Amino acid sequence: MSVQKIALLGTGLMGAPMARNLCQAGMHTTVWNRTIAKAQPLAAFGANVAKTAAEAVAGTDIVISMLSDGPTGVLVQSDPELRAALRGGAIWVEMGSIKPEEARAAALSLEELGVHYVDAPVSGGTKGAEEASLAIMAGGAAEEFATVTAALSAMGRPVHVGPVGAGQLAKLANQAIVGITIAAVAEAMLMLQNGGADPAAVRAALKGGFADSTILQLHGARMTTGDFTPGGLCTLQLKDLNNAVSEAESFGLILPTLINTRDRFQRLVTKLDGAELDHSALYLELRDQNGLDDV
């Protein structure tokens with residue numbers, strides 16, 4: 001069986017370690033980024049660095065997109081040179097977080113070129129990207145999913161969750177759980193600190209119980225030490241929560257806890273200059289609500 005040729009578009013905080021893992025798994029990998037300096041270090045791991053997106057996708061079997069949002073993806077996909085360079089029968093794998101409707105529209109657009117489509121957003125943040133342990137939720141035809149499974153497995157744990165768009169819907173559900181859990185952990189950490197308990201000791205005591213979670217252990221520590229170096233950006237968390245609220249509304253659903261959490265991230269990003277902080281910084285918004293003067 002011939003080695004699949006893969007192009008990865010977007011080598012930012014997530015895309016760079018994902019591309020590195022593809023290279024280290026022996027995949028024939030070409031990378032492209034709008035700021036080429038962010039892609040060039042991957043050459044040390046064996047990646048080919050393309051100057052344009054069209055050059056990156058030419059002749060490839062799988063195109064992995066890890067761009068910032070849906071409109072950026074549309075901008076790249078609509079480039080005439082890129083569309084001319086895509087090989088019929090190739091599979092476009094959208095691993096960025098976009099709206100389900102954007103995924104379905106992209107699939108239809110690429111189908112005109114004979115290019116298949118899988119939406120496969122991820123969860124796990126930069127840590128998961130670096131450790132190749134991402135949760136990967138894939139929507140698309142079973143045949144296409146089978147074709148890209150080896151590549152996805154080099155970056156994490158792929159699961160087929162339904163037709164095109166289902167992967168993005170699963171990611172929105174994931175982000176709703178993440179955002180709401182961050183809000184709950186922030187309230188717990190603030191209560192512990194102000195009540196005189198040792199938050200680190202309480203996290204250790206809760207480990208393995210029903211209240212335990214990765215968010216409690218990792219983000220709870222971030223909150224109590226004040227380390228909000230970005231892994232998952234607040235601005236991206238807000239984008240996903242906005243998309244989740246919009247998607248729920250399209251089904252005629254009101255999800256009050258999700259809406260409240262979205263509104264708090266909106267306040268953190270727009271009123272408290274938290275856009276570029278880690279999403280665990282919702283803790284700072286809570287401190288501000290309580291009139292604590294270190295925000």
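**View 1. Aspartate 288 and arginine 267 meet side chain to side chain in a salt bridge.** In this predicted model, the N to O distance of the pair is 2.4 Å. A salt bridge here is a side-chain nitrogen of Lys or Arg within 4 Å of a carboxyl oxygen of Asp or Glu. The two partners come from distant parts of the chain, 21 residues apart: aspartate 288 sits in helix α13 and arginine 267 in helix α12. Aspartate 288 counts as partly exposed, at 23% relative accessibility. For these labels, buried means under 20% relative accessible area, exposed means over 50%, and partly exposed lies in between (1.4 Å probe, protein chains only). Helices and strands are DSSP runs numbered from the N terminus (H or I, at least four residues, for helices; E, at least two, for strands).

**View 2. Arginine 267 also forms a salt bridge with glutamate 285.** Here the closest N and O atoms are 3.2 Å apart. This pair again links distant parts of the chain, with arginine 267 in helix α12 (residues 256–271) and glutamate 285 in helix α13 (residues 282–289), 18 residues apart. How exposed is arginine 267? Its relative accessible area is 30%, so arginine 267 is partly exposed. Glutamate 285, by contrast, is buried, at 1% relative accessibility.

View 3. A search of the whole structure turns up 10 salt bridges.

**View 4. Glutamate 112 and arginine 83 form a salt bridge.** Their closest N and O atoms lie 3.9 Å apart. Glutamate 112 belongs to the loop between α5 (100–111) and β6 (116–119), while arginine 83 belongs to helix α4 (residues 80–85), so the pair links distant parts of the chain, 29 residues apart. Glutamate 112 is exposed, with 68% relative accessible area, whereas arginine 83 counts as buried at 18%.

**View 5. Helix α1 (residues 15–24) is mostly covered.** Of its 10 residues, 8 are buried: Gly15, Ala16, Pro17, Met18, Ala19, Asn21, Leu22 and Cys23. What lies over these buried residues? The cover includes the strands β1 (5–9), β2 (28–32), β4 (62–65) and β8 (134–139), together with the helices α6 (125–131) and α7 (142–153).

**View 6. Stepping back, the protein has 13 helices and 9 strands.** Its radius of gyration (taken over C-alpha atoms) is 20 Å, close to the 19 Å that the globule rule gives for 295 residues, so the protein is as compact as a globular protein of that length. The globule rule is 2.2 Å times the number of residues to the power 0.38. Along the principal axes, the C-alpha atoms fill a box of roughly 60 × 45 × 35 Å. Of the 295 residues, 49% count as buried. Among contacts (heavy atoms within 4.5 Å) between residues at least 6 apart in sequence, 64% join residues at least 24 apart.

**Notes for all views.** Residues are numbered from 1 along each chain as its sequence is written, and side-chain values use heavy atoms, leaving out hydrogens and water. Because the model is predicted, local features need pLDDT of at least 70 and side-chain atom pairs count only at pLDDT 80 or more, while totals for chains, interfaces and linings use all residues.
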